[in-house]
Amino acid sequence: MAYFLQQLVNGLALGSIYGLIAIGYTMVYGIIGMINFAHGDVFMVGAFIALIAFLALMAIGVTMIPLALLIVLILAMVLTAVWGWTVERVAYRPLRDSFRLAPLITAIGMSIVLQNFIQVAQGARVKPLQPVVTGGYELFTEGNFTVIVSNIQILIVVTTLALMTIFWLIINRTALGRAQRACEQDRLMASLSGVNVDRTISITFVIGAALAAVAGLLYLLYYGVIDFFIGFIVGIKAFTAAVFGGIGSIPGAMLGGLVIGLIETFWSAYFTIEYKDVAAFSMLAIVLIFFPTGLLGRPEIEKV
Amino acid sequence: MAEPGKPLGLRLKSALTDSLLAGVVAFALFSLVLGLRTVDGVTGLTLQPRPDLLAIAVGIVFVGRFLLNLFVWQTEYPLTTPFAKLFTRDAFDKRDITVLSTTAALGVAGLVISAIFNVPALGLIAWAALLFVGLGLLRRLIVHVFPDLPYAQIFIVGGILFAIFFPLTSYALDRAFNLGLPLRYWFDLSILVLTYVMLGWGLNIVVGLAGLLDLGYVAFYAVGAYTFALLATHFGLGFWICLPIAGLAAALWGVILGFPVLRLRGDYLAIVTLAFGEIIRIVLLNWTEVTNGPNGISGIPKPTFFGLPFSPFAEGTTFASFFGLKYDALHGIMFLYYLILVLAFLTNFVTLRMRRLPIGRAWEAMREDEIACRSLGINTTVTKLTAFATGALFGGLAGCFFATRQGFISPESFSFIESAIILSIVVLGGMGSQLGVAIAAVVMVGGFEALRHTDGLQSIFGAGFDPALYRMLLFGIAMVGIMIWRPRGLIASRSPTISLNDANAVSGDLVRQGRR
């Protein structure tokens with residue numbers, strides 16, 4: 001029971017990170033109907049920006065951890081958002097009216113570019129960071145197993161919940177959100193009604209990238225080690241989460257993230273850790289084949 | 001963007017604003033990830049500032065964007081026009097001739113200066129510019145003198161003849177005149193290129209003909225390679241028996257993996273095939289009892305020439321002793337070259353014949369419109385499965401060849417990046433175009449490999465410059481760039497499989513593939 005609870009806590013923390021990334025996939029898919037394959041790598045870039053910003057702050061003498069983390073958070077969100085914006089502007093916008101698979105192919109190209117750019121600029125070795133947020137609470141002990149909720153796990157879940165609420169409000173209550181939902185339904189009609197479609201799509205990418213940067217920072221703090229390749233696997237899992245929750249639905253992305261995080265954690269805990277990625281990939285295949293609309297998604301009707 | 005034909009002052013102003021903005025964005029992009037490098041210190045990571053690199057990167061973006069704005073985007077006569085005209089049949093006007101002759105003059109001047117002051121970097125750029133203009137003018141001249149020759153056919157036949165005679169001729173010349181050519185390297189590179197040509201043609205069946213985006217093609221490559229490797233090392237079977245078995249095993253896997261994904265469309269299908277590809281790789285990596293895990297399988301036998309091995313040791317009759325030749329390691333490599341050439345041609349031949357069969361027509365019909373296809377009574381399940389299986393079959397054959405060529409395989413060779421490379425070859429070549437795929441494979445694989453051995457790059461980027469590091473980066477940039485420049489691929493036209501009177505090539509834009 002204690003072991004189960006501990007895995008539940010771990011899974012929720014991991015799932016929150018997946019959920020944050022999944023929002024980027026789900027919003028982009030909702031609005032322009034493409035899989036932003038490079039999103040996982042934008043997350044990776046965000047993690048690197050966070051790492052470098054943190055090291056730079058330490059070097060110039062900002063040693064107060066909460067302040068440093070806040071600055072890192074803002075810096076990473078802003079700079080990664082610029083990356084997200086640039087990727088859309090360079091690789092997707094020129095192909096928006098091209099055939100359906102064209103942007104997917106540039107997205108794969110962009111993903112290769114980002115990975116190898118970071119590899120060239122920062123080196124291929126893993127980048128470790130000493131634990132920044134330490135400590136935690138012991139919930140209870142059963143036998144000789146103690147269930148611990150660490151501070152970093154609390155930080156992850158709280159940050160995620162706060163951001164989720166903010167973005168849910170943006171989508172549902174502001175003019176920007178309205179424009180986004182309009183573009184989602186019918187881009188041409190939205191532009192005829194005075195919605196700046198290009199800008200709305202750009203902002204979608206910016207928001208997605210900013211959330212991915214938060215996920216990158218949290219991932220860095222949680223695992224304490226990153227490399228240029230993390231974006232691929234994490235990206236696919238987050239995409240699975242987005243599909244599982246119902247692509248296009250923001251609460252769905254969060255829910256899907258939690259489910260994928262829990263599945264992965266429990267699989268590693270009770271079965272084999274080597275095959276945890278197989279579990280996630282199989283999950284992706286099963287979900288896409290049997291529930292392509294996901295938990296909270298709308299069925300897609302193909303018109304001829 | 002300013003309108004073309006505006007006064008220079010306004011153009012200058014708007015170009016400056018635009019490129020300043022681009023410079024700011026570039027600074028934001030590169031400030032942390034390029035301007036500071038993480039290095040392993042004694043007490044953990046430390047940072048090493050690289051302001052020079054950051055300044056260069058931002059400067060390139062700023063200056064490049066400024067020049068593009070001024071001379072290409074915001075003017076009624078973009079400076080790129082004459083260079084583009086080199087590849088068309090449009091007549092040159094006065095300005096074109098001025099630009100081209102200025103480029104040529106600058107190129108010659110660059111060569112002279114680099115020779116006098118010993119600046120190899122400038123010489124390299126000058127050579128590239130002169131070569132580009134020279135070849136373009138040569139092309140124009142030929143087209144002008146013989147306007148009606150069937151150039152595409154000449155090109156194809158020439159390419160095939162070159163592929164057939166290149167190893168024998170160069171080998172004979174080298175041995176006859178003792179030239180000391182780097183034949184080993186040439187043949188290895190050509191084998192690599194041909195492997196990708198074959199993989200590209202195989203994937204072209206799935207992506208180009210049937211319109212199913214497959215991101216896990218490398219899985220079938222891996223199945224073929226491991227089938228042969230396991231059969232050879234455990235049961236001592238030879239290459240020729242295993243080749244069809246490996247192909248069939250891969251085709252079987254194609255059906256097994258294809259079956260569940262039939263209901264998915266477009267990009268969902270792509271992601272699921274990617275997932276399957278990764279699952280197979282992870283299983284190969286972790287199922288150590290069978291696959292030996294990350295250590296891979298070594299000691300895979302080489303193919304024999306109708307039972308005659310290519311071996312230096314005289315245990316029975318070898319290839320060399322049977323034909324009364326002196327043993328030469330290149331014989332085996334040349335045999336491998338012809339083997340993959342035959343396999344690649346087989347792939348191409350089967351594809352071309354398949355396109356004339358009802359099933360091939362069904363593939364193309366399904367690519368154009370799946371719903372209409374179903375409404376006309378075509379069984380899309382069978383159609384998709386055969387496309388998957390046929391593509392997988394050739395992937396498996398290529399995998400079998402890969403295993404025997406390398407003599408050693410490990411899961412590392414079958415990562416997603418391989419699938420991405422093969423897919424990009426198909427897409428960049430122009431989906432469905434056999435010639436385009438071959439050209440793309442030569443350019444993308446051979447071109448980048450050649451880059452690794454270009455002297456002079458070191459002199460531009462410093463002595464420690466290793467182009468291999470930048471290979472994948474350039475690959476990705478090329479993938480994005482070519483896709484934006486020519487979304488339909490390098491060869492964007494295809495001749496229709498069936499037509500009423502003449503089979504005129506149509507632009508790829510007219511084909512409604514996947515367009516929403």
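These legends describe close-up views of a predicted model, taken one region at a time.

**View 1. Chain B as a whole.**
The secondary structure of chain B comes to 20 helices and six strands, and of its 516 residues, 36% count as buried. If one takes the contacts in chain B between residues at least 6 apart in sequence, 70% of them join residues at least 24 apart.

**View 2. The contact between chain A and chain B.**
This contact is formed by 55 residues from chain A together with 50 residues from chain B. On the side of chain B that touches chain A, the elements that give two or more residues include helix 1 (8-33), strand 1 (36-41), strand 2 (44-49) and helix 10 (266-286) of chain B. The most is given by helix 10 of chain B, with 13 residues. Sorted by class, the side of chain B that touches chain A has 37 nonpolar residues, seven polar residues and six charged residues.

**View 3. Helix 10 of chain A.**
Helix 10 of chain A covers residues 250-270, and at 1.5 Å a residue its 21 residues should span 30 Å, which agrees with the 30 Å between its end C-alpha atoms. Helix 10 of chain A is mostly covered, with 15 of its 21 residues buried.

**View 4. The largest nonpolar core.**
The largest nonpolar core has 222 residues, and those with the most contacts inside it are Ala47(A), Ile49(A), Ala50(A) and Leu284(A). Helix 8 (residues 197-223) of chain A supplies the largest share of this core, 16 residues. Both domain 1 (1-77) and domain 2 (182-510) of chain B give residues to this core, so it lies between them. To follow one of its members, leave aside the neighbours of Ala47(A) within four places in sequence; Ala47(A) is then in contact with Gly216(A), Leu217(A), Tyr219(A), Leu220(A), Ile226(A) and Ile230(A).

**View 5. A hairpin in chain B.**
Strand 1 of chain B is joined to strand 2 of chain B by a hairpin through two residues. The two strands pair in the antiparallel sense over six bridges, and the bridge partner of Arg37(B) is Gln48(B) in strand 2 of chain B.

**View 6. A hairpin in chain A.**
Strand 2 (residues 136-142) and strand 3 (residues 145-150) of chain A run antiparallel and are joined by five bridges. Gly136(A) stands opposite Ser150(A), which is in strand 3 of chain A. Two residues lie between the strands of this hairpin, in which Gly143(A) takes a positive phi near 65°. Of the seven residues of strand 2 of chain A, the number buried is zero, so this strand lies largely in the open.

**View 7. Val72(B) and its surroundings.**
Val72(B) is found in helix 2 (residues 51-73) of chain B and is partly exposed, with 13 other C-beta atoms within 10 Å. Not counting residues up to four places away in sequence, Val72(B) touches Pro78(B), Leu79(B) and Thr80(B).

**View 8. Asn292(B) in its loop.**
Asn292(B) lies in the loop between helix 11 (288-291) and strand 3 (297-298) of chain B. Although Asn292(B) is not a glycine, it has a positive phi of about 65°. Asn292(B) counts as partly exposed, with 18 C-beta neighbours inside 10 Å; to count as buried, a residue needs 20 or more.

**View 9. Arg374(B) in helix 15.**
Arg374(B) has its place in helix 15 (residues 370-375) of chain B, and with 15 C-beta neighbours inside 10 Å, Arg374(B) counts as partly exposed. The C-alpha atoms of Arg374(B) and Thr103(B) are separated by 56 Å, and the two residues are 271 residues apart along the chain.

Note on methods:
Residues are numbered from 1 along each chain as its sequence is written. Chains are lettered from A and ligands numbered from 1 in the order in which they are written. This is a predicted model: local features need pLDDT of at least 70, side-chain atom pairs count only at pLDDT 80 or more; totals for chains, interfaces and linings use all residues. Two residues are in contact if their C-beta atoms, placed from the backbone, lie within 7 Å. Helices (H or I, at least four residues) and strands (E, at least two) are DSSP runs, numbered from the N terminus. Ala, Val, Leu, Ile, Met, Phe, Trp, Tyr, Cys and Pro count as nonpolar, Asp, Glu, Lys and Arg as charged, and the others, Gly among them, as polar. A residue is buried if 20 or more other C-beta atoms lie within 10 Å of its own, exposed if 12 or fewer, and partly exposed in between; C-beta atoms are placed from the backbone. A nonpolar core is a set of buried Ala, Val, Leu, Ile, Met, Phe, Trp, Tyr and Cys residues joined through C-beta atoms within 7 Å. Domain bounds come from an automatic or database domain assignment. Two strands pair if DSSP finds at least two bridges between them. The expected span of a helix is 1.5 Å times one less than its number of residues.
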